[in-house]
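Subject: Structure handover

Hello,

Here is the structure for you to open. My notes follow it.

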Amino acid sequence: MDTPLYLQLAAHYRQAIASGVLAPGARMPSVRALMRTHRVSLSTALQACRSLEDEGLLEARPRSGYFVLAPRRAVLQPVQEPEPGATVLALEPSPYSGIHDRISDFVVKCERHPVVTNLALAFGSPECYPQEALKNAALRALRRRPEVLVSPVPPQGDPGFRAVLARRAMAAGMSPTPDEIVVTHGCTEALNLALRAVTQPGDTVAVESPTYFGLLQVVESLGLRALEIPTSPSRGMSIEALELALSTHPQIRAVVVVPNFQNPLGCVMPDEEKARLVALCDAAKVALIEDDIYGALSDDDLPLRTAKSWDKTGNVIHCGSLHKTLAPGMRIGWMLGGRWLARIRMLKHAQSRANDALAQLAIAEFMGSHAYDRHLVRLRRLLKAQRAATAEAIAAHFPAGTRLSMPSGGMMLWVEMPGGRSSGQVFDAALAEGIRVAPGLMFSNSGRFDHFLRISCGTPFNPNIEAALKRLGQIVAAGG
(Lines give C-alpha, C1' and ligand atoms only; values in the text may rest on other atoms or scores of the structure.)
Protein backbone atom coordinates (compact mmCIF):
# COMPACT_ATOMS: atom_id res chain seq x y z
CA MET A 1 0.00 0.00 0.00
CA ASP A 2 1.35 3.47 -0.92
CA THR A 3 2.50 5.69 1.94
CA PRO A 4 0.08 8.61 2.42
CA LEU A 5 1.37 11.84 0.92
CA TYR A 6 1.42 13.69 4.25
CA LEU A 7 3.67 10.97 5.75
CA GLN A 8 6.03 11.22 2.79
CA LEU A 9 6.21 14.98 3.33
CA ALA A 10 6.75 14.51 7.09
CA ALA A 11 9.57 12.02 6.40
CA HIS A 12 11.29 14.55 4.12
CA TYR A 13 11.37 17.18 6.86
CA ARG A 14 12.16 14.66 9.57
CA GLN A 15 15.37 13.89 7.66
CA ALA A 16 16.10 17.61 7.34
CA ILE A 17 15.77 18.01 11.11
CA ALA A 18 17.88 14.92 11.84
CA SER A 19 20.67 16.08 9.52
CA GLY A 20 20.74 19.57 10.99
CA VAL A 21 19.57 21.32 7.83
CA LEU A 22 16.69 22.56 10.00
CA ALA A 23 18.38 23.30 13.32
CA PRO A 24 16.66 23.57 16.72
CA GLY A 25 14.84 26.89 16.90
CA ALA A 26 14.63 27.25 13.12
CA ARG A 27 11.30 28.16 11.62
CA MET A 28 9.63 25.46 9.56
CA PRO A 29 8.46 26.57 6.09
CA SER A 30 4.96 27.93 6.37
CA VAL A 31 2.00 25.79 5.45
CA ARG A 32 1.44 27.86 2.31
CA ALA A 33 5.11 27.53 1.40
CA LEU A 34 4.82 23.76 1.75
CA MET A 35 1.77 23.81 -0.50
CA ARG A 36 3.62 25.76 -3.21
CA THR A 37 6.94 23.91 -2.95
CA HIS A 38 5.54 20.39 -2.88
CA ARG A 39 2.30 21.04 -4.76
CA VAL A 40 0.16 19.55 -2.00
CA SER A 41 -3.18 20.53 -0.51
CA LEU A 42 -3.66 22.57 2.64
CA SER A 43 -4.88 19.44 4.42
CA THR A 44 -1.76 17.46 3.45
CA ALA A 45 0.58 20.25 4.55
CA LEU A 46 -1.17 20.61 7.91
CA GLN A 47 -1.22 16.85 8.52
CA ALA A 48 2.52 16.66 7.86
CA CYS A 49 3.26 19.45 10.33
CA ARG A 50 0.98 17.99 12.97
CA SER A 51 2.56 14.57 12.52
CA LEU A 52 5.99 16.07 13.21
CA GLU A 53 4.51 18.00 16.13
CA ASP A 54 3.14 14.77 17.60
CA GLU A 55 6.63 13.28 17.38
CA GLY A 56 8.02 16.17 19.40
CA LEU A 57 10.04 17.54 16.48
CA LEU A 58 8.03 20.74 15.94
CA GLU A 59 6.10 23.13 18.11
CA ALA A 60 3.31 25.46 17.00
CA ARG A 61 3.58 29.07 18.13
CA PRO A 62 0.45 31.25 17.88
CA ARG A 63 0.50 33.54 14.84
CA SER A 64 4.13 32.54 14.11
CA GLY A 65 3.98 29.06 12.58
CA TYR A 66 5.94 25.90 13.37
CA PHE A 67 9.46 25.81 14.86
CA VAL A 68 11.98 22.99 15.24
CA LEU A 69 12.34 21.69 18.78
CA ALA A 70 15.66 20.71 20.31
CA PRO A 71 15.90 16.93 20.81
CA ARG A 72 15.23 15.68 24.31
CA ARG A 73 18.63 15.42 25.96
CA ALA A 74 17.58 12.58 28.24
CA VAL A 75 14.79 10.06 28.31
CA LEU A 76 12.72 9.92 31.46
CA GLN A 77 11.17 6.66 32.56
CA PRO A 78 7.44 6.81 33.33
CA VAL A 79 6.21 7.08 36.90
CA GLN A 80 6.02 3.66 38.53
CA GLU A 81 2.68 1.91 38.78
CA PRO A 82 1.24 1.31 42.27
CA GLU A 83 2.71 -1.69 44.09
CA PRO A 84 0.37 -4.71 44.15
CA GLY A 85 0.33 -4.55 47.95
CA ALA A 86 -0.92 -0.96 47.81
CA THR A 87 -4.36 -2.29 46.97
CA VAL A 88 -4.72 -3.71 50.47
CA LEU A 89 -2.86 -0.92 52.26
CA ALA A 90 -5.03 1.77 50.71
CA LEU A 91 -8.31 0.24 51.81
CA GLU A 92 -8.22 1.50 55.36
CA PRO A 93 -10.98 4.03 55.99
CA SER A 94 -9.97 6.92 58.19
CA PRO A 95 -11.26 10.39 58.99
CA TYR A 96 -9.45 13.01 56.97
CA SER A 97 -7.98 15.11 59.72
CA GLY A 98 -5.13 17.50 59.28
CA ILE A 99 -5.38 18.24 55.56
CA HIS A 100 -6.67 21.76 56.31
CA ASP A 101 -3.64 22.38 58.52
CA ARG A 102 -1.31 21.07 55.82
CA ILE A 103 -2.84 23.29 53.12
CA SER A 104 -2.89 26.27 55.50
CA ASP A 105 0.80 25.74 56.18
CA PHE A 106 1.44 25.67 52.42
CA VAL A 107 -0.52 28.91 51.88
CA VAL A 108 1.15 30.73 54.80
CA LYS A 109 4.63 29.78 53.62
CA CYS A 110 3.80 30.94 50.08
CA GLU A 111 2.58 34.29 51.40
CA ARG A 112 5.81 34.83 53.33
CA HIS A 113 8.06 34.46 50.30
CA PRO A 114 7.85 36.57 47.14
CA VAL A 115 7.41 34.26 44.17
CA VAL A 116 9.46 34.81 41.03
CA THR A 117 8.36 31.64 39.20
CA ASN A 118 5.11 29.88 40.09
CA LEU A 119 5.12 26.22 39.04
CA ALA A 120 2.28 25.26 41.37
CA LEU A 121 -0.75 26.71 39.56
CA ALA A 122 -3.25 24.32 37.95
CA PHE A 123 -4.58 26.77 35.38
CA GLY A 124 -3.14 28.79 32.53
CA SER A 125 -1.60 32.24 32.65
CA PRO A 126 -3.76 35.15 31.37
CA GLU A 127 -2.26 35.07 27.87
CA CYS A 128 -3.68 31.56 27.41
CA TYR A 129 -7.25 32.87 27.45
CA PRO A 130 -9.30 35.15 25.12
CA GLN A 131 -9.31 38.22 27.36
CA GLU A 132 -10.41 40.74 24.74
CA ALA A 133 -13.14 38.50 23.32
CA LEU A 134 -14.58 37.85 26.77
CA LYS A 135 -14.51 41.56 27.62
CA ASN A 136 -16.36 42.39 24.43
CA ALA A 137 -18.89 39.61 25.04
CA ALA A 138 -19.58 41.02 28.52
CA LEU A 139 -20.04 44.55 27.15
CA ARG A 140 -22.44 43.31 24.47
CA ALA A 141 -24.39 41.33 27.06
CA LEU A 142 -24.67 44.41 29.27
CA ARG A 143 -25.88 46.57 26.39
CA ARG A 144 -28.41 43.95 25.38
CA ARG A 145 -29.60 43.27 28.92
CA PRO A 146 -28.87 46.43 31.00
CA GLU A 147 -31.31 45.25 33.67
CA VAL A 148 -29.20 42.19 34.41
CA LEU A 149 -27.29 43.79 37.30
CA VAL A 150 -30.47 44.70 39.16
CA SER A 151 -32.58 41.62 38.38
CA PRO A 152 -32.73 38.27 40.20
CA VAL A 153 -31.17 35.22 38.55
CA PRO A 154 -33.06 31.92 38.12
CA PRO A 155 -31.93 29.56 40.92
CA GLN A 156 -30.37 27.00 38.54
CA GLY A 157 -28.62 29.64 36.42
CA ASP A 158 -29.31 31.63 33.26
CA PRO A 159 -31.47 29.57 30.85
CA GLY A 160 -29.47 30.64 27.78
CA PHE A 161 -26.18 29.61 29.39
CA ARG A 162 -27.61 26.25 30.43
CA ALA A 163 -28.85 25.71 26.86
CA VAL A 164 -25.33 26.30 25.52
CA LEU A 165 -23.87 23.90 28.10
CA ALA A 166 -26.42 21.26 27.11
CA ARG A 167 -25.43 21.55 23.44
CA ARG A 168 -21.73 21.42 24.24
CA ALA A 169 -22.23 18.33 26.44
CA MET A 170 -23.26 16.31 23.41
CA ALA A 171 -19.64 16.22 22.17
CA ALA A 172 -18.64 14.30 25.30
CA GLY A 173 -21.40 11.71 24.84
CA MET A 174 -23.99 13.24 27.14
CA SER A 175 -27.49 14.46 26.27
CA PRO A 176 -28.83 16.56 29.16
CA THR A 177 -31.66 19.02 28.91
CA PRO A 178 -31.00 22.60 30.10
CA ASP A 179 -33.32 22.00 33.06
CA GLU A 180 -31.05 19.19 34.30
CA ILE A 181 -28.08 21.57 34.66
CA VAL A 182 -27.31 23.53 37.84
CA VAL A 183 -24.79 26.40 37.50
CA THR A 184 -22.31 26.56 40.40
CA HIS A 185 -19.46 28.68 41.74
CA GLY A 186 -16.78 26.55 40.09
CA CYS A 187 -16.19 22.82 40.28
CA THR A 188 -15.33 22.91 43.98
CA GLU A 189 -18.86 23.99 44.89
CA ALA A 190 -20.24 21.32 42.55
CA LEU A 191 -18.21 18.62 44.33
CA ASN A 192 -19.29 19.98 47.70
CA LEU A 193 -22.95 19.91 46.70
CA ALA A 194 -22.62 16.42 45.23
CA LEU A 195 -21.08 14.98 48.40
CA ARG A 196 -23.59 16.74 50.63
CA ALA A 197 -26.41 15.32 48.51
CA VAL A 198 -25.34 11.68 48.84
CA THR A 199 -23.56 11.43 52.22
CA GLN A 200 -23.92 12.13 55.92
CA PRO A 201 -21.10 12.96 58.37
CA GLY A 202 -19.23 9.77 59.23
CA ASP A 203 -19.93 8.11 55.86
CA THR A 204 -17.10 6.67 53.74
CA VAL A 205 -16.11 8.01 50.32
CA ALA A 206 -13.73 6.28 47.89
CA VAL A 207 -11.21 8.66 46.30
CA GLU A 208 -8.27 8.31 43.96
CA SER A 209 -4.78 8.10 45.45
CA PRO A 210 -3.16 10.53 44.82
CA THR A 211 -5.95 13.05 44.34
CA TYR A 212 -6.55 16.80 44.21
CA PHE A 213 -6.00 18.33 47.64
CA GLY A 214 -9.10 20.53 47.27
CA LEU A 215 -11.23 17.38 47.29
CA LEU A 216 -9.47 16.23 50.46
CA GLN A 217 -10.39 19.54 52.07
CA VAL A 218 -14.04 19.08 51.10
CA VAL A 219 -14.00 15.55 52.54
CA GLU A 220 -12.57 16.81 55.82
CA SER A 221 -14.99 19.75 55.96
CA LEU A 222 -17.99 17.43 55.66
CA GLY A 223 -16.77 15.07 58.39
CA LEU A 224 -16.44 12.11 56.02
CA ARG A 225 -14.19 9.06 56.15
CA ALA A 226 -12.15 8.17 53.09
CA LEU A 227 -10.71 5.18 51.27
CA GLU A 228 -7.73 6.00 49.06
CA ILE A 229 -7.98 3.69 46.05
CA PRO A 230 -4.68 3.01 44.18
CA THR A 231 -4.59 4.98 40.94
CA SER A 232 -2.44 4.19 37.93
CA PRO A 233 -0.48 7.05 36.31
CA SER A 234 -1.52 5.60 32.94
CA ARG A 235 -5.07 4.24 33.44
CA GLY A 236 -6.60 6.00 36.43
CA MET A 237 -8.36 4.49 39.43
CA SER A 238 -7.95 0.72 39.81
CA ILE A 239 -11.39 -0.78 39.14
CA GLU A 240 -10.26 -4.06 40.73
CA ALA A 241 -9.25 -2.30 43.95
CA LEU A 242 -12.52 -0.36 44.00
CA GLU A 243 -14.48 -3.57 43.50
CA LEU A 244 -12.67 -5.08 46.49
CA ALA A 245 -13.40 -1.97 48.53
CA LEU A 246 -17.11 -2.05 47.71
CA SER A 247 -17.34 -5.72 48.67
CA THR A 248 -15.56 -5.26 52.01
CA HIS A 249 -16.80 -1.81 53.06
CA PRO A 250 -20.58 -1.65 52.70
CA GLN A 251 -20.61 1.80 54.30
CA ILE A 252 -19.16 3.45 51.16
CA ARG A 253 -21.68 6.01 49.92
CA ALA A 254 -19.84 7.65 47.02
CA VAL A 255 -16.89 7.30 44.65
CA VAL A 256 -15.18 10.49 43.38
CA VAL A 257 -13.05 10.31 40.22
CA VAL A 258 -11.39 12.53 37.63
CA PRO A 259 -11.40 10.19 34.60
CA ASN A 260 -9.91 12.67 32.11
CA PHE A 261 -6.44 14.14 32.85
CA GLN A 262 -6.61 13.33 36.53
CA ASN A 263 -5.12 15.84 38.96
CA PRO A 264 -2.22 15.38 39.73
CA LEU A 265 -1.34 12.33 37.58
CA GLY A 266 -2.60 13.60 34.20
CA CYS A 267 -3.84 10.12 33.25
CA VAL A 268 -6.95 9.29 31.20
CA MET A 269 -9.12 6.33 32.14
CA PRO A 270 -9.77 4.14 29.06
CA ASP A 271 -13.36 4.13 27.84
CA GLU A 272 -13.89 0.47 28.70
CA GLU A 273 -12.82 1.18 32.29
CA LYS A 274 -15.16 4.17 32.50
CA ALA A 275 -18.02 1.89 31.44
CA ARG A 276 -16.98 -0.72 34.03
CA LEU A 277 -16.78 1.96 36.71
CA VAL A 278 -20.29 3.24 35.98
CA ALA A 279 -21.72 -0.30 35.95
CA LEU A 280 -19.91 -1.26 39.18
CA CYS A 281 -21.16 1.77 41.12
CA ASP A 282 -24.68 1.35 39.76
CA ALA A 283 -24.81 -2.32 40.80
CA ALA A 284 -23.53 -1.43 44.27
CA LYS A 285 -26.01 1.48 44.56
CA VAL A 286 -23.13 3.84 45.32
CA ALA A 287 -23.12 7.34 43.82
CA LEU A 288 -20.39 8.04 41.28
CA ILE A 289 -19.24 11.69 41.31
CA GLU A 290 -17.28 12.69 38.22
CA ASP A 291 -15.05 15.77 38.04
CA ASP A 292 -14.44 16.53 34.35
CA ILE A 293 -12.76 19.90 34.68
CA TYR A 294 -9.86 19.02 32.32
CA GLY A 295 -11.76 16.89 29.78
CA ALA A 296 -11.69 19.49 26.98
CA LEU A 297 -7.88 19.70 26.94
CA SER A 298 -6.96 16.62 24.88
CA ASP A 299 -4.04 17.11 22.50
CA ASP A 300 -5.75 15.53 19.50
CA ASP A 301 -8.82 17.81 19.57
CA LEU A 302 -11.11 14.76 19.85
CA PRO A 303 -13.62 15.10 22.70
CA LEU A 304 -13.07 12.60 25.50
CA ARG A 305 -16.13 10.70 26.65
CA THR A 306 -17.29 11.28 30.18
CA ALA A 307 -18.29 8.56 32.62
CA LYS A 308 -21.71 10.22 32.65
CA SER A 309 -22.17 9.22 29.00
CA TRP A 310 -22.61 5.59 30.14
CA ASP A 311 -25.09 6.48 32.88
CA LYS A 312 -28.56 5.04 32.25
CA THR A 313 -30.04 5.31 35.76
CA GLY A 314 -29.01 8.78 36.99
CA ASN A 315 -26.39 7.30 39.35
CA VAL A 316 -23.58 9.56 38.05
CA ILE A 317 -23.26 13.17 39.20
CA HIS A 318 -21.23 15.06 36.62
CA CYS A 319 -19.28 18.20 37.61
CA GLY A 320 -17.60 20.63 35.22
CA SER A 321 -16.07 24.10 35.12
CA LEU A 322 -14.55 26.76 32.86
CA HIS A 323 -11.85 27.60 35.39
CA LYS A 324 -9.14 25.76 33.42
CA THR A 325 -10.40 26.03 29.87
CA LEU A 326 -11.74 29.57 29.45
CA ALA A 327 -12.02 31.99 32.36
CA PRO A 328 -10.12 31.38 35.65
CA GLY A 329 -11.40 34.72 36.98
CA MET A 330 -15.10 33.95 36.63
CA ARG A 331 -15.47 30.84 38.84
CA ILE A 332 -18.24 29.38 36.67
CA GLY A 333 -19.04 25.68 37.01
CA TRP A 334 -22.03 23.41 36.57
CA MET A 335 -23.31 19.97 37.43
CA LEU A 336 -25.73 17.29 36.30
CA GLY A 337 -27.33 15.96 39.46
CA GLY A 338 -28.80 12.74 38.11
CA ARG A 339 -31.36 11.25 40.47
CA TRP A 340 -30.24 13.69 43.19
CA LEU A 341 -31.11 16.78 41.12
CA ALA A 342 -33.94 17.99 43.37
CA ARG A 343 -31.81 17.68 46.50
CA ILE A 344 -28.88 19.45 44.83
CA ARG A 345 -31.14 22.33 43.79
CA MET A 346 -32.27 22.71 47.39
CA LEU A 347 -28.71 22.52 48.75
CA LYS A 348 -27.47 25.06 46.21
CA HIS A 349 -30.22 27.49 47.22
CA ALA A 350 -29.41 27.03 50.90
CA GLN A 351 -25.64 27.20 50.47
CA SER A 352 -24.95 30.06 48.06
CA ARG A 353 -28.00 31.03 45.96
CA ALA A 354 -27.66 31.61 42.21
CA ASN A 355 -24.49 32.77 40.44
CA ASP A 356 -24.40 36.32 39.06
CA ALA A 357 -25.94 36.56 35.60
CA LEU A 358 -23.52 38.84 33.70
CA ALA A 359 -20.70 36.27 33.60
CA GLN A 360 -23.14 33.60 32.43
CA LEU A 361 -24.49 35.82 29.63
CA ALA A 362 -21.00 36.70 28.41
CA ILE A 363 -19.78 33.11 28.46
CA ALA A 364 -22.97 31.85 26.80
CA GLU A 365 -22.37 34.18 23.85
CA PHE A 366 -18.73 33.14 23.50
CA MET A 367 -19.31 29.39 24.00
CA GLY A 368 -22.22 29.45 21.58
CA SER A 369 -19.96 30.54 18.72
CA HIS A 370 -17.12 28.97 16.77
CA ALA A 371 -14.77 31.36 18.57
CA TYR A 372 -14.84 28.98 21.53
CA ASP A 373 -13.77 26.04 19.34
CA ARG A 374 -10.92 28.10 17.89
CA HIS A 375 -9.86 29.11 21.39
CA LEU A 376 -9.76 25.47 22.53
CA VAL A 377 -7.63 24.46 19.55
CA ARG A 378 -5.18 27.26 20.32
CA LEU A 379 -5.13 26.46 24.05
CA ARG A 380 -4.48 22.77 23.43
CA ARG A 381 -1.57 23.58 21.11
CA LEU A 382 -0.11 25.99 23.66
CA LEU A 383 -0.37 23.51 26.50
CA LYS A 384 1.11 20.69 24.45
CA ALA A 385 4.14 22.80 23.53
CA GLN A 386 4.53 24.01 27.12
CA ARG A 387 4.36 20.46 28.52
CA ALA A 388 6.95 19.27 26.00
CA ALA A 389 9.32 22.15 26.81
CA THR A 390 8.89 21.65 30.56
CA ALA A 391 9.51 17.91 30.28
CA GLU A 392 12.61 18.67 28.19
CA ALA A 393 13.95 20.95 30.91
CA ILE A 394 13.21 18.39 33.64
CA ALA A 395 14.97 15.68 31.62
CA ALA A 396 17.99 17.94 31.18
CA HIS A 397 18.30 19.35 34.70
CA PHE A 398 16.89 16.87 37.22
CA PRO A 399 19.09 14.11 38.67
CA ALA A 400 19.31 10.60 37.24
CA GLY A 401 16.46 8.36 38.33
CA THR A 402 13.80 11.08 37.97
CA ARG A 403 10.58 9.68 36.49
CA LEU A 404 7.77 11.38 34.62
CA SER A 405 4.70 10.11 32.78
CA MET A 406 3.95 12.33 29.78
CA PRO A 407 0.18 13.02 29.60
CA SER A 408 -1.69 13.47 26.32
CA GLY A 409 -3.40 16.66 27.45
CA GLY A 410 -3.98 18.95 30.40
CA MET A 411 -1.55 21.37 32.01
CA MET A 412 0.51 19.56 34.64
CA LEU A 413 3.31 17.03 35.09
CA TRP A 414 3.63 14.55 37.97
CA VAL A 415 7.34 14.11 38.71
CA GLU A 416 8.77 11.28 40.80
CA MET A 417 12.03 12.27 42.48
CA PRO A 418 14.77 9.67 42.96
CA GLY A 419 16.13 8.39 46.23
CA GLY A 420 13.09 9.15 48.35
CA ARG A 421 13.59 12.93 48.30
CA SER A 422 11.08 14.74 50.50
CA SER A 423 8.75 17.03 48.58
CA GLY A 424 8.26 19.06 51.75
CA GLN A 425 11.97 19.79 52.01
CA VAL A 426 12.25 20.52 48.29
CA PHE A 427 9.24 22.85 48.52
CA ASP A 428 10.78 24.79 51.42
CA ALA A 429 14.19 25.11 49.73
CA ALA A 430 12.70 26.15 46.39
CA LEU A 431 10.31 28.64 47.94
CA ALA A 432 13.21 30.34 49.71
CA GLU A 433 14.57 31.10 46.22
CA GLY A 434 11.27 32.32 44.79
CA ILE A 435 10.23 29.07 43.10
CA ARG A 436 6.84 27.64 44.03
CA VAL A 437 5.90 24.00 43.37
CA ALA A 438 3.11 21.74 44.66
CA PRO A 439 4.62 19.08 46.97
CA GLY A 440 3.32 15.54 46.62
CA LEU A 441 2.46 15.28 50.31
CA MET A 442 -0.56 17.56 49.64
CA PHE A 443 -2.24 15.01 47.38
CA SER A 444 -2.87 12.26 49.93
CA ASN A 445 -3.60 11.86 53.61
CA SER A 446 -0.82 9.26 53.72
CA GLY A 447 2.90 9.82 53.20
CA ARG A 448 3.11 7.67 50.08
CA PHE A 449 3.60 10.58 47.67
CA ASP A 450 6.10 12.71 49.56
CA HIS A 451 8.74 11.98 46.89
CA PHE A 452 6.65 13.56 44.11
CA LEU A 453 6.16 17.10 42.79
CA ARG A 454 3.34 18.46 40.67
CA ILE A 455 4.72 20.97 38.19
CA SER A 456 2.45 23.31 36.23
CA CYS A 457 2.79 23.89 32.48
CA GLY A 458 0.16 26.64 32.30
CA THR A 459 2.57 29.49 31.53
CA PRO A 460 4.25 29.84 28.12
CA PHE A 461 7.77 28.46 28.43
CA ASN A 462 10.44 31.15 28.67
CA PRO A 463 14.02 31.60 29.93
CA ASN A 464 12.81 32.36 33.47
CA ILE A 465 10.97 29.04 33.67
CA GLU A 466 14.00 27.25 32.19
CA ALA A 467 16.23 28.81 34.85
CA ALA A 468 13.77 27.97 37.64
CA LEU A 469 13.56 24.32 36.55
CA LYS A 470 17.35 24.13 36.37
CA ARG A 471 17.64 25.45 39.91
CA LEU A 472 14.82 23.17 41.08
CA GLY A 473 16.71 20.20 39.62
CA GLN A 474 19.78 21.24 41.61
CA ILE A 475 17.69 21.43 44.79
CA VAL A 476 16.25 17.95 44.11
CA ALA A 477 19.76 16.61 43.45
CA ALA A 478 20.92 18.05 46.77
CA GLY A 479 18.06 16.31 48.56
CA GLY A 480 16.04 19.46 49.33
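First, a definition: accessible areas come from the Shrake-Rupley method with a 1.4 Å probe, and for residues only the protein chains shown count as cover. On that basis the accessible surface of the chain is about 20300 Å². Carbon and sulfur atoms hold 55% of this surface.

This is a predicted model, in which local features need pLDDT of at least 70 and side-chain atom pairs count only at pLDDT 80 or more, while totals for chains, interfaces and linings use all residues. Residues are numbered from 1 along each chain as its sequence is written, and side-chain values use heavy atoms, with hydrogens and water left out.

**Overall fold**

The chain has 16 helices and 17 strands. Both are DSSP runs numbered from the N terminus: helices are H or I with at least four residues, strands are E with at least two. The C-alpha trace spans about 65 × 60 × 55 Å along its principal axes. The radius of gyration is 23 Å, which agrees with the value near 23 Å for a compact globule of 480 residues. That radius is taken over C-alpha atoms, and the globule rule is 2.2 Å times the number of residues to the power 0.38.

Of the 480 residues, 53% count as buried. Buried means under 20% relative accessible area, exposed means over 50%, and partly exposed is in between (1.4 Å probe, protein chains only). Contact means heavy atoms within 4.5 Å. Among contacts with a separation of 6 or more, 75% join residues 24 or more positions apart.

**Cores**

A nonpolar core is a set of buried Ala, Val, Leu, Ile, Met, Phe, Trp, Tyr and Cys residues joined through side-chain atoms within 4.5 Å. The largest one has 42 residues. Leu119, Ile394, Leu453, Ile455, Leu469 and Leu472 touch the most other members. Elements that each supply at least two residues include α5 (99-112), α14 (370-397) and β17 (452-456). The largest share, six residues, comes from α16. Leu469 is in contact with Leu119, Thr390, Ala393, Ile394, His397, Phe398, Ile455 and Phe461, leaving aside neighbours within four places in sequence. Apart from this core lies another, of 41 residues, among them Ala194, Leu195, Leu222 and Val256.

**Helix α9**

α9 is mostly covered, with seven of its nine residues buried. These are Phe213, Gly214, Leu215, Leu216, Val218, Val219 and Glu220. They pack against α5, α8 (186-198), β6 (204-209), β7 (225-232) and β9 (252-257). Gly223 follows the helix, with a positive phi near 70°.

A polar contact is a pair of N or O atoms within 3.5 Å. Within protein, one atom must be able to donate a hydrogen and the other to accept it, and residues adjacent in sequence count only if both atoms are side-chain atoms.

Thr231 sits in strand β7. Its relative accessible area is 4%, so Thr231 is buried. A polar atom of its side chain lies 3.1 Å from the backbone nitrogen of Ser209. The backbone oxygen of Ile229 lies 3.0 Å from a polar atom of the Thr231 side chain.

Asp299 is in the loop between β10 (287-291) and β11 (316-321). Asp299 counts as buried because its relative accessibility is 14%. Its side chain makes a polar contact of 2.6 Å with the side chain of Arg387. Beyond four places in sequence, Asp299 touches Arg380, Arg381, Lys384, Arg387, Pro407, Ser408 and Gly409.

Gln156 is in the loop between α6 (131-144) and α7 (159-169). At 15% relative accessible area, Gln156 is buried. A polar atom of the Gln156 side chain lies 2.8 Å from the backbone oxygen of Asp179. For the backbone oxygen of Ile181, the distance to a polar atom of that side chain is 3.1 Å.

**Cysteines**

Cys110 is buried, at 7% relative accessible area. For Cys281 the closest cysteine sulfur is in Cys319, at 14 Å, again too far for a bond. Cys281 is buried, at 0% relative accessibility.

Best wishes

How values were computed
Disulfide = S-S within 2.5 Å.
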